[in-house]
Amino acid sequence: MMDDVTADVAPLRLRAAADLDPWPLTVATYNIHGAVGCDGRFAPQRVADVLLEMNADIVALQEVPLGGSRTPNVLAALRDATGFSAAEGPACDTPERRYGNAVLSRYPIVSLRSIDLSFGSREPRGALDADVDCHGHLLRVVATHLGLRFAERRAQIRKLLQMFDTEEMPVILLGDINEWFIWGRSLRWLASHFQAVPAPRTFPSRRPLFALDRIWIRPRHRLVHVEVHGTPLARVASDHLPLIAHIDG
């Protein structure tokens with residue numbers, strides 16, 4: 001299910017806007033930890049305030065409560081606070097609890113696909129694969145949250161990379177990769193496909209030691225700058241800091 005996009009994800013009719021230039025474009029990835037901060041407090045508005053601080057055009061979110069009889073719909077609150085279009089990609093989807101990835105976008109999301117990255121009996125994982133129309137410039141945005149074990153991540157990255165073999169538009173892969181070992185096979189495969197990118201440390205938010213959150217873009221030359229959003233509010237709103245990338249046309 002997603003907001004502002006039809007259930008069968010058919011492309012929308014968009015008004016011609018070729019004379020408008022979206023560049024430079026700001027994208028971000030943010031694991032919001034269920035909107036529970038480092039102080040243990042559930043505070044979706046605090047996450048929304050971090051998003052407003054960042055002022056990114058497109059944001060990939062992980063660990064997002066998406067509703068259900070026992071789960072609040074945090075994505076709906078963030079959508080309302082930002083005024084952005086919202087797409088959801090639940091990895092857990094039961095009547096009681098819906099939970100997973102999401103994308104917020106200043107620009108229209110014109111089509112959407114879900115990629116199942118679940119591995120054996122491990123926690124369900126997935127990727128949300130969205131096409132975004134930035135004033136006539138199409139971008140493919142793939143938001144994901146990978147598993148905690150080496151074998152799990154390797155299988156998930158192999159599956160993700162297979163999806164990009166026939167890429168016809170710029171693609172941005174971003175999310176919580178959960179890779180602690182900087183020379184791990186998973187990161188080598190990603191760097192080989194997308195080329196190496198800066199990897200500032202984002203976790204844990206109060207004193208970052210690990211670069212768990214990543215942003216890749218293909219073609220690589222469009223990536224201008226990568227930075228961590230490390231404001232005092234961001235350091236308490238989640239256990240991860242947001243990672244921001246600036247992209248040119």
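Author: Let's start with pairing: two strands pair if DSSP finds at least two bridges between them. Strands (E, at least two residues) and helices (H or I, at least four) are DSSP runs, numbered from the N terminus. What you see above is a predicted model, where local features need pLDDT of at least 70 and side-chain atom pairs count only at pLDDT 80 or more, while totals for chains, interfaces and linings use all residues. Residues are numbered from 1 along each chain as its sequence is written, and side-chain values use heavy atoms, leaving out hydrogens and water.

Reader: Okay, in what order do the six strands of the open sheet come?

Author: Strands of a sheet pair through backbone hydrogen bonds, either parallel or antiparallel. Here the order is β3-β4-β2-β1-β11-β10, and the pairing is mixed. At the edges you'll find β3 (85–93) and β10 (223–228), each pairing on one side only. From one strand to the next, the twist averages 25°; angles like this run from 0 to 180 degrees between N-to-C directions, with axes as lines fitted to C-alpha atoms (for helices, over the stretch in contact).

Reader: How many bridges join β2 to β4, and do they run parallel or antiparallel?

Author: Seven bridges link β2 (residues 58–67) with β4 (residues 98–105), and the two run antiparallel. Find Gly 67 and look across: Arg 98 in β4 stands opposite.

Reader: Which strands does helix α1 lie across?

Author: For packing, look for contact, meaning heavy atoms within 4.5 Å. Helix α1 (residues 44–54) lies across β1 (25–31), β2, β4 and β11 (243–247), at about 155° to β1. Helix α2 (residues 74–82) packs on the sheet too, touching β2, β3 and β4, and its direction makes about 140° with that of β2.

Reader: Why is one side of β5 and of β9 left without a neighbour in the sheet?

Author: They belong to an open sheet of five strands, ordered β5-β6-β7-β8-β9 with mixed pairing. β5 (109–116) and β9 (213–218) stand at its edges with a single partner strand each, so one side of each has no neighbour. Ignoring direction, neighbouring strands here are turned by 15° against each other on average.

Reader: And how do β7 and β8 run?

Author: Parallel: six bridges join β7 (residues 137–145) to β8, with Ala 143 standing opposite Leu 174 in β8. Helix α3 (residues 150–162) lies across β5, β6 (126–134), β7 and β8, at about 140° to β5. α4 packs on the sheet as well, touching β8 and β9, and its direction makes about 25° with that of β9.

Reader: Where is Phe 181?

Author: Phe 181 sits in the loop between β8 (171–176) and α4 (185–194).
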